[in-house]
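Here are some notes to read alongside the model. Please keep the 3D view open as you go through the points.

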Amino acid sequence: RGISGCNKHESTMIVGVPKEIKSSENRVALTPAGVAEFIKHGHTVYIQESAGVGSGFPDSNYVDAGAEILSTIEEVYATANMILKVKEPIEYEYSLIRPNQLLFTYFHFASSEPLTKAMIKSGSICIAYETVEKADRSLPLLIPMSEVAGRMSIQEGAKYLEKPMGGRGILLGGVPGVKPADVLVLGGGIVGTQAAKIAAGFGARVTIMDVNLPRLRQLDDMLPPNVSTLYSNEYNIREACKSADLIIGSVLIPGAKAPKLITREMLSLMKEGAVIVDVAIDQGGCFESSRPTTHQDPTFVVDGVVHYCVANMPGAVPYTSTLALTNATLPYALRLADQGWRAACAACPELRGGLSVARGRVVHRKVAEAWGLECADAMSVAAEEGEDPSALSDATSAG
């Protein structure tokens, strides 16, 4: 089933896909198969040269699907009315973004005030993947990358527990006669569940914590016997820190900053060489001592505890991640292109939840709260007179 209420396309759009320039980001926002769908809907697609190479898609694949290749990122932003990306624009891109240009990507506004202010200043229309929300409160565009990051968190944690990597020198699953590692997972959502599954598969002793009792009951039924559930509160977290070899931080409040569940002082309770993986770092991190790192320099040590806080973990497995992400984003991207952002957001509550900044105003409550800004009504802003990217592309096509 597609998105609810999806209609036949009503306009044409000039779509641009720039190459991601964030450190070690090899994903791409559109596959050749996605290009073919946009072309079938009557839209024009421009891909920056080599944008898909890191994910295994050469330029020739895009050309065969009907896209045109542009040499530079500047050309893509100058030509397209709708920009599809994976990660938030970085500082170099700020000046390239035009008023009323539609951007559809991960933004994580609540973790970056400079980004929020830059997008306000740009006058663009920013729809964030991570806050597109279904009626059941699920986040369809965050789930695929959460699944990847959750599974990767154990893979990376196991690696950094090795002594040459600065860890304790403990094998996650142990061996006969030697106890396995103790893994603590904070948060029982998509990331936490995937992390617990993989850690349990390694043979570790796993504890998963959450404040949602019905969710803990679900997890207790679905996870293997070497996974225990525990209600999350400060006392239980503090006690669990003492025995944990690996801690996965996977707490999410959609659109808002992540809560700090482990304070700097709690690190002194942990074992020397223990590892923490902060999957919530995109939203500010759920450990007080966390700061964003990169795939080139992924870890740092505080009070003897190894911190892995890479902000774009799925970027290390771009083939898997790109396919998983675009499977989810394509129907929404097509709807935006077919109907324009105003009509699409008016008709589709899911997309309306992703609308974060529009025409110089913040229209998502949690983003506004994060930085003490006024929150405008999204549909009131959409109803104002002004250019719509779809209208711009119609005029361009007619000319």
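This is a predicted model: local features need pLDDT of at least 70, side-chain atom pairs count only at pLDDT 80 or more; totals for chains, interfaces and linings use all residues.

1. The largest pocket is lined by 43 residues. Nearest its centre lie L139, G189, I190, S250 and L252.

2. The volume of the largest pocket is about 1,100 Å³.

3. Look next at the kinds of residue around the largest pocket. Its lining holds 23 nonpolar residues, 12 polar ones and eight charged ones.

4. The second largest pocket contains about 310 Å³ of space. Its lining is made of 19 residues. K22, E88, S111, P292 and A311 are the ones nearest the centre. By kind, the lining of this second pocket divides into seven nonpolar, nine polar and three charged residues.

5. Now turn to F107. This residue sits in the loop between β5 (102-105) and α5 (113-122). Is F107 buried or exposed? Its relative accessibility is 1%, so F107 counts as buried; the cut-off for buried is under 20%.

6. What does F107 touch, once neighbours within four places in sequence are left aside? Its contacts are E88, P89, L115, M119, C126, I127, A128 and E130. One of these, E88, is also among the residues nearest the centre of the second largest pocket. As for N212, it is 105 residues from F107 in sequence, and their C-alpha atoms are 27 Å apart in space.

7. T293 is another loop residue to check. It is found between β11 (275-278) and β12 (299-302). With a relative accessible area of 8%, T293 is buried. Neighbours within four places in sequence aside, T293 is in contact with P298, F300, C309, V310 and A311. A311 is also one of the residues nearest the centre of the second largest pocket.

8. Finally, inspect helix α10, residues 318-347. How far does α10 span between its end C-alpha atoms? The span is only 33 Å, whereas a straight helix of 30 residues would span 44 Å at 1.5 Å a residue. Follow the helix to G340: there α10 bends by about 115°.

Note on methods:
Residues are numbered from 1 along each chain as its sequence is written. Side-chain values use heavy atoms; hydrogens and water are left out. Helices (H or I, at least four residues) and strands (E, at least two) are DSSP runs, numbered from the N terminus. Buried means under 20% relative accessible area, exposed over 50%, partly exposed in between (1.4 Å probe, protein chains only). Contact means heavy atoms within 4.5 Å. On a 1 Å grid over the protein atoms alone, a cavity is a set of points where a 1.4 Å probe fits but cannot get out, and a pocket is an open set with protein on both sides within 12 Å along at least five of seven lines; lining residues have an atom within 4 Å of a point. Grid points are joined across faces, edges and corners, and a volume is the space filled by probe spheres set on the points. Ala, Val, Leu, Ile, Met, Phe, Trp, Tyr, Cys and Pro count as nonpolar, Asp, Glu, Lys and Arg as charged, and the others, Gly among them, as polar. The expected span of a helix is 1.5 Å times one less than its number of residues. The bend at a residue is the angle between axes fitted to the seven residues ending there and the seven starting there.
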